[in-house]
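Please look over the sequence and the model below before reading on.

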Amino acid sequence: MADFLNKAFGFEAGRHNVRTEIVAGITTFLTMAYILAVNPSIFSALDGMPGGAVFTATALAAIIGTLVMAIYAKKPFALAPGMGLNAFFVYTVCLKMGYSWQFALTAVLLEGIIFIILTVTKVRTWLLDAIPDTLKKAIGAGIGLFIASIGMQNAGIIVHSDSTLVTLGKITEGTALVAMLGLMITAGLVILKVRGSILIGILITTLIGLIVKDPATGIAVTQLARTGSGAVDLLSLPDSIAPIFCQFEWHNIFSKDMLVVIFTFLFLDMFCTMGTIIGVLQTANLVEGDEVQGIEKMFMADSIATVCGACLGTSTTTTYVESATGVGAGGRTGLTAFSTAVCFALALFFSPIFLAIPSAATAPALIIVGVMMMSPVAHIHWDDYCRSIPAFLTMILMPVACSISDGILIGVIAYVATHAISGRFKEISIPMWILAVLFVLRYIFI
């Protein structure tokens, strides 16, 4: 059994624990299961893409992508259709630019194929290696702030304000109250070093949500699906993906708009994936200096997942930052990702149960993991402003601009600029010069 786990998932009996890996995989799933509900909701704006078919395609894309990551790359990352990328697909390409969803799916397919080429030629690895160690540490911490911010917003702890953009929500009632109680419980479990503390926290918070009601609606924060007779609904067969499977449109592939759409998909996916991998591996202490072992395989898994997702009928499939929750729970090998894939497979038939977990229950997990991801900050040379200013911009822009990729891009530009201004040209590599110029052009023309 030990030999099988080692060959299949990179699991080493002396270093890793089966129970921990499985719990970590379940934890990752619970924090990213929202995509099963969100993706169909976003795609409902398009005619010809039934919600049931999109739900099934979303789950299948997650299963395939995560299995490739588990078995081929042997890393604890989960994949699914990416947030932001799905919105760009629907609201920009289809609704704003006026193209069909078949056109957008074709762009996603071509993007995935280009990604495979870039991975085989090691261009993506070259880009990763070009980023200085200081920025890599900042990326990890920035993603920690980013996912904590997402958790707080989803739970209503942080809400919109017309005067200050964001402000503290009403944390003494409804969803925010449940999240705050869950945060205290999860924090206590983590402090006491209870095994599986993040997963336990999610489950306890979900149960609390059955009792606490949302003052605006008068209904419980945690909602269980029910049948027509009023019984709790547990099972549902997955819908067919036939209406959206391999629905490509080829007559516009050489148009200017197609090139712009493909480049945008490429840009968003590449740097979000790169940032997620660096940040999560930093948390797991799997990055030694500038070395990231097995990065080509991780990029290839991400590329293959995008191609498969396009064929299934959904937007770009990418590595999820919520994988950090599984790593925070102790996941270190492909067995964690495999466990997440199994959960997505079960979700196809038990979607009413999985979708009952509210954002208030996953928010504490995201916040706690955000804390765990801040540790690399201690190794940044804050008294060297050439390094610390770019690092700070990288970290702060991710949650404030709500974009991992923008944090990385501005950080690279700032790194080159600060070193050039201070005359430290020898510390700027040729790849960093090239990246900085390309990123500046990106902000000028796109």
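The accessible surface of the protein comes to about 18600 Å², and 67% of this area belongs to carbon and sulfur atoms, with areas taken from the Shrake-Rupley method using a 1.4 Å probe. The model is a predicted one, in which local features need pLDDT of at least 70 and side-chain atom pairs count only at pLDDT 80 or more, while totals for chains, interfaces and linings use all residues. Residues are numbered from 1 along each chain as its sequence is written, and side-chain values use heavy atoms, leaving out hydrogens and water.

Its secondary structure consists of 19 helices and six strands, which are DSSP runs of at least four residues (H or I) and at least two (E), respectively, numbered from the N terminus. The radius of gyration, taken over C-alpha atoms, is 21 Å, close to the 22 Å that the globule rule (2.2 Å times the number of residues to the power 0.38) gives for 446 residues, so the protein is as compact as a globular protein of that length.

Of the 446 residues, 54% are buried, meaning under 20% relative accessible area with a 1.4 Å probe, protein chains only.

Note on methods: Buried means under 20% relative accessible area, exposed over 50%, partly exposed in between (1.4 Å probe, protein chains only).
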